[in-house]
Amino acid sequence: MGHGSSREAPEEEAQLGNRSSRLSRMKQKLHNYRDRHHLRRSSRSGASTFQHKHLSSADDFAGIALLTLISAEMRFKDKWLASVSFGEQTFRTDVSDQTDKPIWNSEKKLLLERNGPHVARISVVETNRLSKNNLVGFCEVDLLEFLTRDAEFDSEVFELLDPSSSGSAVGKIRLSCSIEDPIETEKSFARRILSVVDCNEDGQLSFSEFSILVQAFGNQVATNKKEELFKAADKNGDGVVSLDELAELLAFQQENEPLLNCCPVCGEGLEVSDKLNTVIHLSLCFDEGTGNQIMTGGFLTDKQASYGWMFKLSEWAHFASYDVGLRSGSYASHILVFDRRTKRLVEELIDGKIVLSMRAIYQSKVGLRLMDKGAKEILQSISEKQGKKMNSVESAKDIPKFVEFFKDQINLAEVKYPVEHFKTFNEFFIRELKPDARPIDSMECDDVAVSAADSRLMAFKSLQDGQRFWIKGRKFSIQGLLGDKKHSDTFLDGTLIIFRLAPQDYHRYHFPVSGTIDQFIHIPGSLYTVNPIAVNSTYCNVFTENKRVVSIISTRDFGKVAFVAIGATMVGSITFLRKEGDHVKKGDEFGYFSFGGSTVICVFEKDAIQIDEDLLANSARSLETLVSVGMRLGIATKKKE
């Protein structure tokens, strides 16, 4: 169940059997919830639907989870806050008193969908600092597993892992999580609505109070027939509308003739055609609690939630800007990416000074002129000198600082050798992982392509899509990328997949497909940064001007595949471990980049691959997807001999 549970793990076979039975019981419980909801609705409308924009069927709906962060036990006294990152949302508690045993009792309702996010990251931060808050410990909890466990108590204790040291615990946190009956969700929303317009606070709505409510919804059609609606709601004819009667009216009307056209909290349109009851959406937005403190929302990542007053000040002064998509990569100092494994947003760390310098060079005509007047040669010289430095014995002292800076983004438990094994910084940078650290999806199926690198991925059905959503260079073309007309013609209108490696990533790249290496094409060039700030620049063409090596792979299932390894600033060395004529298997190691971040681009022939929909959907939002080696990319759509 995620990371850090303090329970002793049972034997594997018993665990699988127990989990299967628990899931069966949970499915039955959710089925009963839906049956009760259906019986209640069918007597009025003859149909029952759950409405939500992101669901493909009612079976996708798992339930509403009420997650509560109860308390923690830490190793030292301080003022503490905790945050929950789930999907593209993050919520935080208030700050505790000065203590080593903070108590929050903070809760949040989260929508669980079977095909949606179900892993919540809990972060605990010390806040007794003037400049910034500090992440002390975290755990990841699979809420679906939490809800299906066999346990005597509703709450459970999880170990908080030290982000700076793999596997060591810095404290414990107690959580509880339960499923809320959709009928009770409707009642809680109705109770909240009723409390707003119940002037005499008698728990019921008179006709005048009901009229105020309908007018507040802003629906002119409903306003014109409020007497009819009032009579329909007043089931027992006592002249007032009770809590249960209002709940039934809101649920019934939202499915048939909505009173609300959009959510008054988030502004999202509420469509009758959606498949999850919109009252559940409204309840989640209003977020009525049960007497406990409600967590504060409005954050995208746990890092943003931990900033406190410094974040608010920087937002007010326009020093920083948080957004999802292209804007966050091109103009702000915060790059947000979507973690495919946990289905949540994470923040990529970049030094603010570096961001300012990259903006000055790559996002202005002045910077472009500097490039034309010798800056390219300067970048080359810097990269060569830095490469020599990182291969020196003295550079090993920089490894601990590097690990500390990226403490929650480098998992040392996956690394093949301990940190002390590496004699230079570059040895650590091109570190190998343990054999089972990166499982390969559908290993025996060569018609399934997999991720070539631990990276931030963008996928596009065509070059035109790539230029529309991500690559802004004016002269970018397949021929310019591959540098060979013969091969370029093969890949015209082909599918483009971009793997961007950041400095903290595992820097060995692997084969995305099985086949035979036909040819290597070495193309000299510049060493621009591959950061989105440069990629999104209209003033230079990073991918077609940088030093790169193109390898052509012949496959049975995908036809020809072009694998382009691109150098970048401080990446003077692209090393291949295979040669022309080698037959390779997907997931096999292909080579590595020395110090710096860099990029791999795979180009498939037109209509040769069907990319997984989640990767295309994120890319269409100009949002990179964080992937690992071996994750599925898509499936072949045509076969060639």
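1. Start with Arg508 and Glu589: they form a salt bridge, with the closest N and O atoms 2.4 Å apart (the term covers a side-chain nitrogen of Lys or Arg within 4 Å of a carboxyl oxygen of Asp or Glu). Arg508 is in strand 16 (residues 508-510) and Glu589 in strand 22, so the pair ties together parts 81 residues apart in sequence. Strands here are DSSP runs of E, at least two residues, and helices are runs of H or I, at least four, both numbered from the N terminus. Arg508 is buried at 10% relative accessible area, while Glu589 is partly exposed at 21%; buried means under 20%, exposed over 50%, and partly exposed in between, with a 1.4 Å probe and protein chains only.

2. A word on what you're looking at: this is a predicted model, where local features need pLDDT of at least 70, side-chain atom pairs count only at pLDDT 80 or more, and totals for chains, interfaces and linings use all residues. Residues are numbered from 1 along each chain as its sequence is written, and side-chain values use heavy atoms, leaving out hydrogens and water.

3. Glu88 and Arg621 also make a salt bridge, with 2.7 Å between the closest N and O atoms. The two are 533 residues apart: Glu88 is in the loop between strand 2 (80-86) and strand 3 (89-92), Arg621 in the loop between helix 21 (613-620) and strand 25 (625-627). Glu88 is partly exposed at 28% relative accessibility, and Arg621 is partly exposed at 36%.

4. Then there's Lys585 with Asp446, a salt bridge at 2.9 Å, N to O. Lys585 is in the loop between strand 21 (583-584) and strand 22 (589-593), Asp446 in the loop between helix 15 (425-429) and strand 13 (448-450), 139 residues apart. The salt bridge count comes to 19, and Arg340, Asp612, Asp614 and Arg632 are linked in a network of them.

5. On to the rings: there are 20 aromatic pairs. Phe405 and Phe406 have ring centres 4.8 Å apart and planes at 85°, so they pair edge-to-face. Rings of Phe, Tyr and Trp (its six-membered ring) pair if their centres lie within 6.5 Å, with planes under 30 degrees apart stacked, over 60 edge-to-face and the rest tilted. Phe405 is partly exposed at 45%, but Phe406 is buried at 5%.

6. Ring pairs link Phe405 and Phe406 into a cluster with Phe402, Phe422, Phe425, Phe428 and Phe429. Arg431 lies over the face of Phe428, 4.6 Å from the ring centre.

Definitions and conventions: Lys NZ or Arg CZ within 6 Å of the ring centre and 35° of its normal.
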